[in-house]
Amino acid sequence: MNEPEKKTEYDVIIIGGGATGAGTARDCALRGLKVLLIERHDIATGATGRNHGLLHSGARYAVTDQESAQECIKENMILKKIARHCVEETDGFFLTLPEDDLGYQAKFVESCRAAGIDAKIVDPEEALRLEPSANPDIIGAVRVPDGSVDPFRLTSANIIDAKLHGARILVYHELVDFIFEADRMTGVKVLDHVSGEISSYYARFIVNAGGIWGAGIAKKAGATVNMFPAKGSLLIFGHRVNNIVLNRCRKPANADILVPGDTICVIGTTSTRVPYDEIDDMRVTPDEVDLLLSEGMKLSPQLAVTRIIRAYAGVRPLVAMDDDPSGRNISRGIVLLDHEERDGIKGFITITGGKLMTYRLMAEWTTDLICRKLGIDKPCVTATLPLPGSRSDRMEDISGKISSVHLNPVKASVGRHGDLAGQIAHKDDYDLSLVCECEDVSVGEVSYAIDNLDVNNLVDLRRRTRVGMGTCQGELCACRAAGMLAHAKECARDARKDLVNFMNERWKGMYPVSWGETLRENEYTLWVYAGVCGLTAEKSEKDSKVPETKED
Amino acid sequence: MKMQENNISANGFEQCIKCTVCTVYCPVVPVNPLYPGPKQAGPDGERLRLKKGVFFDESLKYCLNCKRCEVACPSGVRIGDIIQSARIKYSRHSPSLRDMILASTDLVGSTATIAAPIVNSVVRLKPVKAVMDGVMKIDKHRTFPEYASRTFESWYRKHARASQDGYRNHLSYFHGCYVNYNFPKLGIDFVKVMNALGYGVHLLGGEKCCGVALISNGMINSAKKNAAHNVGLFKESVENRKYPVVATSSTCTFTVRDEYPHLLGVDNSSVRDNIFLATRFIYGLIDEGKVKLVFRKDYGRKIAYHTPCHLEKLGWGIFSTSLMKMIPGVTFSMLDSNCCGIAGTYGFKKENYQVSQAIGKPLFDQICSIAPDVVVTDCETCKWQIEMSTPFKVMHPVSILAEALDLEATAAANR
């Protein structure tokens, strides 16, 4: 590759398209910076897309970590305003079971209040009336302002706004190397996974927002960030069992949160340290499934008999404090590293640690640092400026405005895209016909996503629309969506390969819980795709050996 | 590792593996594009409704509640029940005056029978039909079932009650609104046949409408009251008097056996196994060698049998057809499994008329091509629909038996 002599193209290059990277891109763009974001897969493929989707009130951290709790409740209230279409205000209960110490409740409530979290003790009977799926044996309940958040939507909305403010987003672009001029980092060499070409981009500042992968990115720059990957596994149930988030009122432990998110609910998580070289291949083990199910049943006995559609795992980016290389002193808080000060690498910043809940604050800190260094005096507005999709006043009216016919695919699309659903064509029967029947995703919505939301393949499409996320896990929708992608990209061969990949990726998540109805569903799917339609992988890949897919 | 042994959810909606065979078998889907079909309206919609009630779709009212989806489902999902339960739970449409009139079969019936000749001729008048069509939205093409001038119950009290205790065996008869108000002859035929088989026929003592029309018109509280009342009577009959309960209407039978517990939450488990459809009961007696049938030598009929949807769901069509085939001199044709389209009060509603007739068309065409002497079916509303839509007369299997049996010889054989 020829490296043309280029001047600085961008003010900031952000590496990583998770919530933090997307949020930083938005904040930088809103403050007038010229931004490029590169992401080696799709947006929200790392820890961003592989957690509970819990809009923490902070209550979980109140007793053990006041600082995190305070950050959470502040961001919780901000997200309820700026990202309404990504958030559902379900509230949450912290339940005390007979085996738990009811004495903890008083300390818990006191700590919540100290952090500014509105925690109310609720009579167990009243709690059961409000959330009938909760364990009937509870001896105590505290109500807190937990909620659920859709991380794909949240990341996508940040990306959309960043683009609206001039940012450039390159997905499927992987960092190959950094470019230095003397002691200053000036650019990145990037591999385009679609075209196979390597290009160079230059900027005044380069932000490492790679989450757990940030350690590897920093290493390429010659800096050391000590990360301790902690795997967390979760189970997705086929439909909502609860409508209020259920937590255990005790010291945070395994499998003690049940979150209703969109059409499903999720129990999690486990926590296991994993070696750094395994972070690209997370699999849920039978022991983890056992643990999640047996603990989950204590929150809601209904889980014992509710169909599990998937299992998935993510990796928390836990960062060791700089003064403690042993890793015992782990911070769950935000870690912002100015590598100029720390390692003498000018123009390089790492933002890591933190949580999905604090992505906006992480972006704010990062952007503040860049602006300070650039001498730009522009305040952060992301705490008050609603994201695209959440700009209309009353969400309930939107579907009425968009279509006089109150059809479910229209309602569902408003739920997913907020006021941006107005851009979805729902003119005729064809637009309104369903691609995904479980999640009510219409042809119009899929077309909108393909045309506007950087969709390269079926897995990307799933993150934008929920195609294939329902009970049937792609059985009916995958071939329809593949057909639409083939049409849009004018390549049936790629679409066919993509379809195989997608179905295998779906199976990867079903495999750890493949019994009962989930197994029947998969057998039927296999029969339709392989048996009737003759779909096979081009190489002799068996179902149990799924190709590397990075996400669930 | 531990695996879940089973998945339990309301009406088994989690058992759905999205094979979509229910939608293929739905009689409404091919003729009404406004209806999303049983899969969408049922298990798929249920997930969305569990997320938020706003996903309830009023188009669920187009469901006939024929339960053909449930018969087709290989996974045991109670799709029809999911749809009807959703209507009960979410629909904010209160029943119109028309719906209340159509649903209140026993109230309207008891009033109409008093002035039956007048009512019958008035509802046939064109101007009246036009008013009912325009104001009430009851389709003008519909012929209203005639009301009898004397109810079955009053016939029974006058002509039958006194002799019933003299029989060896006994049963309670759930006659239903249709027999009582519109067509006492079927009830009379039933008493004749059962008496000949050595069974005394007793009334339940104040049965109320089974409630099927109340359910389909959204009058759930009234339906629940009727259900609780009737189950009380069934218990009295089955548990105290040891009389099984037998009905001639397949829809009444289906409603009291299955809709009570599934849709209305009225527990009938202690009596359910002792509630029978007449043909099922009679066939059982023959099969166990408890009764003998002596047929007339001179009987001859070309019969085409139509299985009502709810009988299809009960799985008991075989008993009616087997009984018909037993009769010497009967030429039997089995009609294809199709819905006639009326679905109780559904087809009476102006907005459903076209759909109703379109659904029934394959059945009507087949009947016309066979041209039987008589169509036989166990359901009264199927009878109205077929008689209105074809030139053929429709009879109940019990009435066919009453015609074909040598009642005196049968009675002698079972004494």
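Author: What follows is a short chat about a predicted model.

Reader: Why quote an area at all?
Author: The size of an interface is often given that way, as the accessible area lost when the parts come together.

Reader: OK. How many salt bridges cross the interface of chain B and chain A?
Author: Three salt bridges cross that interface. Lys51(B) and Asp262(A) meet in a salt bridge through their side chains, at 3.1 Å from N to O.

Reader: And how many residue pairs are in polar contact between chain B and chain A?
Author: The count is 22 residue pairs, with both residues at pLDDT 80 or more.

Reader: Now salt bridges overall. What's the count over all chains?
Author: It comes to 65 salt bridges. One of them joins the side chains of Lys298(A) and Glu99(A), at 3.4 Å from N to O.

Reader: Which parts does that pair tie together?
Author: Lys298(A) sits in helix H8 of chain A, and Glu99(A) sits in the loop between strand E5 and helix H4 of chain A, so the pair links parts that are 199 residues apart in sequence.

Reader: Switching to helices. At what angle do H3 and H10 of chain A pack?
Author: At about 100 degrees, with their axes 9 Å apart. H3(A) and H10(A) are therefore roughly perpendicular to each other.

Reader: Which residues meet there?
Author: From H3(A), Glu71(A), Glu75(A), Ile78(A), Leu79(A) and Ile82(A). From H10(A), Tyr359(A), Arg360(A), Leu361(A) and Trp365(A). By class, the contact has six nonpolar, no polar and three charged residues.

Reader: What about H15 and H17 of chain A?
Author: Their axes are 9 Å apart, and the angle is about 60 degrees. That makes H15(A) oblique to H17(A). H15(A) brings Leu458(A), Val459(A) and Arg462(A) to the contact. H17(A) brings Asp498(A), Leu499(A), Phe502(A), Glu505(A) and Arg506(A). The classes are four nonpolar, no polar and four charged.

Reader: Last topic: the backbone. What joins Gly268(A) and Thr269(A)?
Author: A cis peptide bond, with omega about -10 degrees. Thr269(A) lies in the loop between strand E16 and strand E17 of chain A.

Reader: And what is phi of Asn65(B) near?
Author: Phi of Asn65(B) is near 60 degrees, a positive value in a residue other than glycine. Asn65(B) is in the loop between helix H2 and helix H3 of chain B.

Reader: Why mention those two spots?
Author: Because most residues other than glycine have a negative phi, and most peptide bonds are trans.

How values were computed:
Residues numbered from 1 in each chain as written. Chains lettered and ligands numbered in written order. Predicted model: local features only at pLDDT ≥ 70, side-chain atom pairs only at ≥ 80, totals over all residues. Heavy atoms only, no water. Axes fitted to C-alpha atoms, helices over the stretch in contact; angles between N-to-C directions. Helix = DSSP H or I, 4+ residues; strand = E, 2+ residues; numbered from the N terminus. Parallel < 35°, antiparallel > 145°, perpendicular 65-115°, else oblique. Contact = heavy atoms within 4.5 Å. Nonpolar A, V, L, I, M, F, W, Y, C, P; charged D, E, K, R; others polar. Salt bridge = Lys/Arg side-chain N within 4 Å of Asp/Glu carboxyl O. Polar contact = N/O pair within 3.5 Å; in protein donor to acceptor, adjacent residues only side chain to side chain.
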